[in-house]
Amino acid sequence: MANLADPRRLWADGKAIDVHGVAVTRLTAGPAAITLGAGSDGVVEVIGAESETTLVRLDVPLAGAVGFWHPAAGWDRHLTADWMAAGRRTVGLVDSAPLGCLYDDAGHAILAFASDRLVRTTRLRFGVGERAGRFGVWLAMDLDPGELCRIRIAPPGGAVAETVRSLVRRQSGTAALPVPEAGRVPAYSTWYSYHQEVSATAVEAEAELAAELGCGLLILDDGWQRGAHGGGYAGCGDWEPDPEKFPDFGAHVETVHGLGLKYLAWIAPLLLGDDSAARDHLAAFAPHARPEWRCHVLDPRYEEVRRFVVDTCVRLVDRYGLDGLKIDFLDAAMVYAKDSTRSEEGIRSGGGTGPEDRANPEDRARTEKNARRENGARPEEGGEVGDAMRALLTELRDKLLAVRGADLMIELRQPYTGPGMLEFGNLLRAGDCPADAAGNRVRTLDLSAAGRESAVHSDMLMWDPQASPQIAARQLLSVLHAVPQISVPLAGLPAAQRAMAGFWLAFWREHRDVLTRGVLDAGRPDELHPVVIARDATRAVVVHHVGDHAATLDPTRFAEIAVVNNTGAERVLLDLTHPAAVRLDVRDACGAPVRSETARLEPGPRWLAVPPSGLCLIRPA
């Protein structure tokens, strides 16, 4: 794919159309973009030409813009300039999505868009034009002659999350993979508890304790497979259980099932370890090296790779009675995207850490060309990595469904959790953020904005076993709006921490539907969501993550309001719209009663005494 236009040409004049106040301009030759439908549809059609990469600009006056959200925003939620690197991304099926929302200080959309080009690669650029006094989004696409791309632009004025969710619902024409009951219950993960030092004995002991706490799913992470040691991926590729750690893997899975837990196992099927036996016959299909990981990345554009990945995953699930897989590092395939300028992160799940891969596209292309020349292997001519991954994932999903049926669970992790991936995975997990409660909150809310119908899972929760239960609870309370994954050694938890975990997991199960399926009001993305409110017709759960931020509520509307204090303060701030006579039941971080009283709540701001990491239930008196 050709690079985006020279920065000096980004704001070039062209024939523009107005869609909901957004100027849409095609900056390359070819058929002009036209509006489809009428009025509020807001759909723009772009048709590929033969000459060059298609470049489209969407832009609006800056007005009161304060931030720009997109699925891979991370901490960069401010207004970047159009010349800054932070405003450039390559997106595709297994890395984010062509989707974004510029918003004002009230958290209302100014420019919100979504392209239906979910599989093939799109180069995005966005930012403030200093001279133009406008905010622009540029989409560069290698459309085949006559190929159609539709860009939907939402009407301005809606809340960010609601606007994004509406766009996503229309963005993908395929149904999401259904979520079985086990995907919507608390899970126990072995990763932060044990890393690669897992064993059947240790996992079974933890599984029993996890079941007692109310978990319904166990996720065995990296370390179960032969060659899994040293914090890297040198052994990946053979995908056989380590006989010393798991002498009878099938019997082990049956034991965990007998405790009432479903079972997923981790796999990184695109990583080919330097020490694996599989490397002997697959090296020709993995030209891209990751020396800091001690492995290569398999190129999914090869039919041999797709067949290997599908056969390996299906064999693993079928042979050992697994309920599904935690599939990691699918975004590694983006190194084979044309002209990808994506800077890969270090290792985010699995063992160890690694530096960023800073190789530029020309260096990568040269390395891959040399590898193909030496090995005599070639991917399909003109193969797009998105098309290849879609073919791989379609076959994998269909064959796993044939083995496990409607109970199948497949966990995907940011950034490969975009709308195009919802048909291939039903557990969407936040990217790795060990002990980072704020990061986990932000990541899971980003997932909820774009994939609320799937089961949004937190990154695995870890905390200091020596910490007070109030401090330890903050990891769990930060992700109450998602499905929590616990990942601390349960056998070593102090009694107070175990009581805390048991209390809050019981609260989560009781309020699960409103927390994970209710309407979410999380405020502005650039403020990192200091107060999160989940509500349905009769109940609301309010979680204060930052002190001195008010939650606006109508106490007469709900049969129960649960107010959670996820701060170190002794009180939280409510802004009530109506008076109400209520009963207040307050509990501490471990669930012990603090006080119970009746009160008359008057309209306006009001401080409510709730202990740190504690709970207040407000019900009509």
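This dialogue explains how to read several features of a predicted model.

Q: How do the strands of a sheet pair, and what is the order of strands in the open sheet of three?
A: Strands of a sheet pair through backbone hydrogen bonds, in either a parallel or an antiparallel sense. Here the three strands of the open sheet follow the order β27-β29-β32, and the pairing is mixed. The edge strands, β27 (551–553) and β32 (604–609), each pair on one side only. On average, neighbouring strands of this sheet are turned by 35 degrees against each other, direction ignored.

Q: In what sense do β29 and β32 pair, parallel or antiparallel?
A: Strand β29, residues 571–576, pairs with β32 in the antiparallel sense, over six bridges. To locate this pairing in the structure, one may look at Leu576, which stands opposite Gly604 in β32.

Q: How many disulfides does a search of the whole structure find?
A: A disulfide requires two cysteine sulfur atoms within 2.5 Å. The search of the whole structure finds zero disulfides. For Cys215, the nearest cysteine sulfur is that of Cys590, 17 Å away. Cys215 is buried, because its relative accessible area is 6% and the cut-off for buried is under 20%.

Q: How many salt bridges does the structure hold, and which residue does Arg57 meet in one?
A: The structure holds 34 salt bridges. Arg57 forms one with Asp59, their closest N and O atoms being 3.0 Å apart. Both Arg57 and Asp59 are buried.

Q: Which distant parts of the chain are linked by Asp387 and Arg120?
A: The side chains of Asp387 and Arg120 meet in a salt bridge of 2.8 Å, N to O. Asp387 belongs to helix α8 (residues 385–404), whereas Arg120 is in the loop between β9 (109–115) and β10 (122–129), 267 residues apart. Asp387 is partly exposed at 30% relative accessible area, and Arg120 is partly exposed at 23%.

Note on methods
Residues are numbered from 1 along each chain as its sequence is written. This is a predicted model: local features need pLDDT of at least 70, side-chain atom pairs count only at pLDDT 80 or more; totals for chains, interfaces and linings use all residues. Side-chain values use heavy atoms; hydrogens and water are left out. Two strands pair if DSSP finds at least two bridges between them. Helices (H or I, at least four residues) and strands (E, at least two) are DSSP runs, numbered from the N terminus. Axes are lines fitted to C-alpha atoms, for helices over the stretch in contact, and angles run from 0 to 180 degrees between N-to-C directions. Buried means under 20% relative accessible area, exposed over 50%, partly exposed in between (1.4 Å probe, protein chains only). A salt bridge is a side-chain nitrogen of Lys or Arg within 4 Å of a carboxyl oxygen of Asp or Glu.
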